[in-house]
Amino acid sequence: MIPVRSIREGTVPGTHTVTWDSENDTISLRHESRNRKGLALGAVMAAEYIYTRKGVFTMNDVLGF
């Protein structure tokens with residue numbers, strides 16, 4: 001099992017870090033949202049995409065990947 005930790009911090013719009021840690025190395029990928037505009041845009045795009053569809057979708061469907 002891969003351990004997952006989530007911390008909600010006050011007014012921080014979103015800082016996401018994925019870290020792989022071993023006794024030899026640490027590899028991290030970090031994303032910081034400066035505001036909530038990007039998150040809101042993604043939510044609106046997803047809502048517009050599913051408005052006329054039925055089923056279960058992911059953001060890959062919405063973004064065309």
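On a 1 Å grid over the protein atoms alone, a pocket is an open set of points with protein on both sides within 12 Å along at least five of seven lines. Lining residues have an atom within 4 Å of a point. Grid points are joined across faces, edges and corners, and a volume is the space filled by probe spheres set on the points. The structure is a predicted model, in which local features need pLDDT of at least 70 and side-chain atom pairs pLDDT 80 or more, while totals for chains, interfaces and linings use all residues. Residues are numbered from 1 along each chain as its sequence is written, and side-chain values use heavy atoms, without hydrogens or water.

The largest pocket holds about 830 Å³ of space. Its lining comprises 19 residues. R5, S6, I7, T15 and T17 lie nearest the pocket centre. By class, the lining has nine nonpolar, six polar and four charged residues. Here Ala, Val, Leu, Ile, Met, Phe, Trp, Tyr, Cys and Pro count as nonpolar, Asp, Glu, Lys and Arg as charged, and the others, Gly among them, as polar.

A nonpolar patch lies on the surface, formed by L41, M45, M59, L63 and F65. Such patches take residues with over 30% relative accessible area and no salt bridge, and join nonpolar side chains (Val, Leu, Ile, Met, Phe, Trp, Tyr) within 5 Å. Together the five residues have about 530 Å² of accessible area, by the Shrake-Rupley method with a 1.4 Å probe. Helices α1 (37-50) and α2 (59-63) each supply at least two patch residues. Helices are DSSP runs (H or I, at least four residues), and strands are runs of E of at least two, both numbered from the N terminus.

Exposure was classed by relative accessible area: buried under 20%, exposed over 50%, partly exposed in between (1.4 Å probe, protein chains only). M59, in helix α2, is partly exposed because its relative accessibility is 37%. A46 belongs to helix α1. At 18%, A46 is buried.

T26 and E48 are 22 residues apart in sequence and 39 Å apart, C-alpha to C-alpha. From E48 to T19, 29 residues along the chain, the C-alpha separation is 33 Å.

One salt bridge was counted, defined as a side-chain nitrogen of Lys or Arg within 4 Å of a carboxyl oxygen of Asp or Glu. Side chains of opposite charge can pair when their charged atoms come close. The salt bridge joins R30 and E32, at 2.8 Å from N to O. R30 is exposed, at 53% relative accessibility.

Methods: On a 1 Å grid over the protein atoms alone, a cavity is a set of points where a 1.4 Å probe fits but cannot get out, and a pocket is an open set with protein on both sides within 12 Å along at least five of seven lines; lining residues have an atom within 4 Å of a point. Patches are made of residues with over 30% relative accessible area and no salt bridge: like charges are joined within 9 Å, nonpolar side chains (Val, Leu, Ile, Met, Phe, Trp, Tyr) within 5 Å.
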